[in-house]
Amino acid sequence: MKFRPLHDRVLVRRIEQEEKTAGGIIIPDTAKEKPQKGTIVAAGAGKKDEPLTVKVGDTVLYGKYAGTEIQIEGEDLLIMRESDILAIV
């Protein structure tokens, strides 16, 4: 993929959640929430005085409404600022 985010932005691929609950109940598609966990696919160089703390391959948690959904080569991805990332898992 030839996509490089600028400055402090990162490209994230969502990690899909489980289809069942711990008790074995299957969750229908209409009741599922968007996942809030993903893997960094590409990262910018960081700001002039602040390098990025995440790197490609990191699994991260992000806010529910963080980022902008984009489609690259038929794949749905999120582009967001590093500040939208809550934690590295």
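Analyst: Strand β1 (residues 9-14) pairs with strand β5 (residues 75-81) in the antiparallel sense, over 4 bridges. Strands here are DSSP runs of E with at least two residues, numbered from the N terminus, and two strands pair if DSSP finds at least two bridges between them. This is a predicted model: local features need pLDDT of at least 70, side-chain atom pairs count only at pLDDT 80 or more, and totals for chains, interfaces and linings use all residues. Residues are numbered from 1 along each chain as its sequence is written, and side-chain values use heavy atoms, with hydrogens and water left out.

User: Which residue in β5 is the bridge partner of arginine 9?

Analyst: That partner is arginine 81.

User: And what does β1 do with β2?

Analyst: β1 and strand β2 (residues 37-43) also pair in the antiparallel sense, over 5 bridges. Within that pairing, leucine 11 has alanine 42 in β2 as its bridge partner.

User: OK, what is the order of the strands in the sheet?

Analyst: The order is β4-β5-β1-β2-β3-β6, an open sheet of 6 strands with antiparallel pairing. Its edge strands are β4 (68-72) and β6 (85-88), each pairing on one side only. On average, neighbouring strands are turned by 45 degrees against each other, direction ignored. The axes behind that angle are lines fitted to C-alpha atoms, and angles run from 0 to 180 degrees between N-to-C directions.

User: How many helices are there?

Analyst: The protein chain has 0 helices and 6 strands.

User: Back to arginine 81. What does its side chain meet in a salt bridge?

Analyst: Its side chain meets that of aspartate 8, at 3.1 Å from N to O. The two are 73 residues apart, with arginine 81 in strand β5 and aspartate 8 in the segment before β1. A salt bridge means a side-chain nitrogen of Lys or Arg within 4 Å of a carboxyl oxygen of Asp or Glu.

User: Is aspartate 8 buried or exposed?

Analyst: Aspartate 8 counts as buried because its relative accessibility is 9%. Buried means under 20% relative accessible area, exposed over 50%, and partly exposed in between (1.4 Å probe, protein chains only). Arginine 81, at 35%, is partly exposed.

User: What else does aspartate 8 touch?

Analyst: Leaving out residues up to four places away in sequence, aspartate 8 touches Gly46, Lys47, Leu52, Met80, Arg81 and Glu82. Contact means heavy atoms within 4.5 Å.

User: How many salt bridges does the structure hold?

Analyst: It holds 4. One of them joins the side chains of glutamate 69 and arginine 14, at 3.1 Å from N to O. Glutamate 69 is in strand β4 and arginine 14 in strand β1, 55 residues apart. Another joins aspartate 58 and lysine 55, whose closest N and O atoms are 3.3 Å apart. Aspartate 58 is buried at 12%, whereas lysine 55 is exposed at 55%.

User: Now the surface. Which residues make the nonpolar patch?

Analyst: Leu61, Leu86 and Val89 make it, with an area of about 300 Å². Patches take residues with over 30% relative accessible area and no salt bridge; like charges are joined within 9 Å, and nonpolar side chains (Val, Leu, Ile, Met, Phe, Trp, Tyr) within 5 Å. Leucine 61 lies in strand β3 (residues 59-62) and is partly exposed at 33%.

How values were computed:
Areas by Shrake-Rupley, 256 points an atom, 1.4 Å probe, with all protein chains shown as cover.
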